[in-house]
Amino acid sequence: MPPVLRKFWDQIPAPTATLLSHAGSLVVGILTAFVLHYVLYRIGLPSKPFIYVAF
Amino acid sequence: MSDFTPQPLPATSAADPASRPFFRPWTLLAGFVLGLGLMAWTGRTVIQRDLHPYAVRFHPMIAPDSQYEPTMGEMRAFVRARCRPDQILVIVGGNSILLGVGQPADRVWTKRLQEILGDRYAVVNLAFRGSSPTDGGAFVAESLRDEFPRQIYIANVAALQAADAIGIESYRFILFDAYYKGLLLPWAPRDQQFKEYLAATDYKTARFERRLGAEADAVLHFRDFWNWWSATKFFTFATPYQPDPNLAYRARAKFKDEETDYDTLPFDQRFTPSVIANDTIITRAYSANGYAKNAQGQWQLAEGSREQFLRFAANAFPDPLKPRTLILISRNSPYYTRQLETDLQTRDETAISDTIAGWEKFGYAALSYGHDFAPEDFGDRTHLTTAGGTKLAAATAPKIQALATQLGYLK
């Protein structure tokens with residue numbers, strides 16, 4: 001962690017820091033799920049459109 | 001000897017800033033699981049509503065032509081929004097001919113078919129460009145067999161065209177979706193063929209990954225969620241198929257169905273010399289495979305070709321669904337067929353008769369159309385103009401009504 005952020009983090013009262021770390025981790029977890037969900041959709045699509053040729 | 005003396009670690013406590021973790025791994029994991037669960041639940045929920053309330057068919061901006069792959073959930077909702085439980089459901093599958101390529105949305109042949117059949121029936125167009133009879137629309141109809149037990153499925157083929165039970169590669173994403181969501185009937189020939197398809201040595205890894213994706217999607221509903229997002233919010237990436245580059249990210253449900261209107265397209269733009277040359281070759285080959293003249297001078301299908309065709313017809317649809325399936329046999333435009341020698345015209349007619357007899361042998365209904373159509377009923381070699389679509393609807397409607405009576409749907 002960068003020193004400036006570490007200093008800021010250290011100045012936050014303990015209960016608040018605990019709450020923030022849980023909230024932040026939860027949000028990061030949800031965002032990771034969101035990204036993975038999209039990636040699963042996107043990699044399943046063909047890389048090129050279906051080109052229709054009448055037969 | 002070493003002068004190093006181990007020192008006790010300093011005591012830490014929750015109040016000690018240095019001991020405070022910035023990340024909480026278990027909370028992060030909980031968030032990840034919660035997020036996936038929320039996305040899956042949302043996908044499963046939103047796909048139950050009709051994403052395309054103004055569409056009469058899956059036009060290119062909501063089809064694989066533009067890298068948009070409709071899901072089973074999406075197409076099932078499309079059907080539910082257009083058919084009441086008291087109506088007889090008529091699902092039109094098949095290829096671009098039945099999709100109505102060349103006919104604008106307000107004059108597409110399935111609208112005319114709906115007008116002829118009346119309110120007792122609900123006609124839903126689930127045909128796709130280049131699709132086979134056993135692709136998308138077929139799987140959707142099969143998946144709705146209990147919800148809409150009074151249903152008729154229509155698709156088209158050329159004479160003696162094989163209809164593979166697992167569809168064609170371009171639309172196999174629909175089979176994966178339906179299969180791994182458990183929406184299909186057990187049907188041994190199809191199950192066996194799909195198993196062999198998955199195990200094919202050359203593509204084993206790619207198909208295993210695809211299977212894995214479909215199994216994950218059955219739980220996580222990512223295709224449902226992101227199709228809902230793409231249709232109603234914004235599309236997430238640019239594709240080469242765009243009416244305008246500025247609209248690359250536009251929500252797909254906002255695009256209009258802008259099908260080419262063959263009625264307004266001049267003849268010489270539709271029938272250029274190169275198109276005529278190519279389509280003449282295709283027309284001449286319409287019934288070429290497998291036919292030879294017998295001792296009496298009549299066209300006869302080789303036994304091997306007949307067996308192959310019959311095997312495909314027998315396996316194409318599960319047995320319980322065969323009686324409610326109407327196969328239309330498409331012909332070429334008389335602009336081309338009238339130029340054929342009488343002998344080739346006779347061969348085509350023999351092939352069409354054999355095709356009808358082959359499908360009917362296994363309990364399907366079958367009908368050819370186009371023998372009395374004029375050149376102006378076709379916009380090109382195979383696709384119909386509005387006038388041709390009207391004639392197709394008029395030819396098909398009595399067969400559908402007869403089928404509905406025969407199946408006891410009108411009691």
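Predicted model: local features only at pLDDT ≥ 70, side-chain atom pairs only at ≥ 80, totals over all residues.

Colleague: Which residues of α8(B) are buried?
Modeller: G213(B), D217(B) and L220(B) are the buried ones. Buried calls for 20 or more other C-beta atoms within 10 Å.

Colleague: How do you know that the buried residues of α8(B) line one face?
Modeller: Look down the helix axis. Those residues fall within an arc of 75 degrees, so they line one face of α8(B).

Colleague: How do you know that the span of α8(B) agrees with its 17 residues?
Modeller: At 1.5 Å a residue, the helix, residues 204–220, should span 24 Å. Its end C-alpha atoms are 24 Å apart, which agrees.

Colleague: What covers the buried residues of α8(B)?
Modeller: The cover includes α2 (14–43) of chain A, and α1 (25–46) and α9 (222–232) of chain B. Just after α8(B) comes H221(B), with a positive phi of about 50 degrees.

Colleague: How many residues does each chain bring to the contact?
Modeller: Chain B gives 38 residues and chain A gives 27. On the side of chain B that touches chain A, α1, α8 and α9 each supply at least two residues. The largest share, ten residues, comes from α1(B). That side divides into 21 nonpolar, eleven polar and six charged residues.

Colleague: Now α14(B). What span is expected, and what does the helix reach?
Modeller: The helix, residues 342–361 of chain B, has 20 residues. It reaches 28 Å from first C-alpha to last, close to the 28 Å expected at 1.5 Å a residue.

Colleague: Which residues of α14(B) are buried, and why do they line one face?
Modeller: R347(B), D348(B), A351(B), I352(B), D354(B), T355(B), G358(B) and W359(B) are buried. Seen down the axis, they fall within an arc of 165 degrees, so they line one face of α14(B). On the other side, T342(B), D343(B), A357(B) and K361(B) are exposed.

Colleague: What do the buried residues of α14(B) pack against?
Modeller: Their partners in chain B include β4 (291–293), β5 (299–301), α12 (303–316) and β6 (325–329). After α14(B) comes G363(B), whose phi is positive, near 100 degrees.

Key
Residues numbered from 1 in each chain as written. Chains lettered and ligands numbered in written order. Helix = DSSP H or I, 4+ residues; strand = E, 2+ residues; numbered from the N terminus. Expected span 1.5 Å × (residues − 1). Buried ≥ 20, exposed ≤ 12 C-beta atoms within 10 Å, placed from the backbone. Arc of directions from axis to C-beta. Contact = placed C-beta atoms within 7 Å. Nonpolar A, V, L, I, M, F, W, Y, C, P; charged D, E, K, R; others polar.
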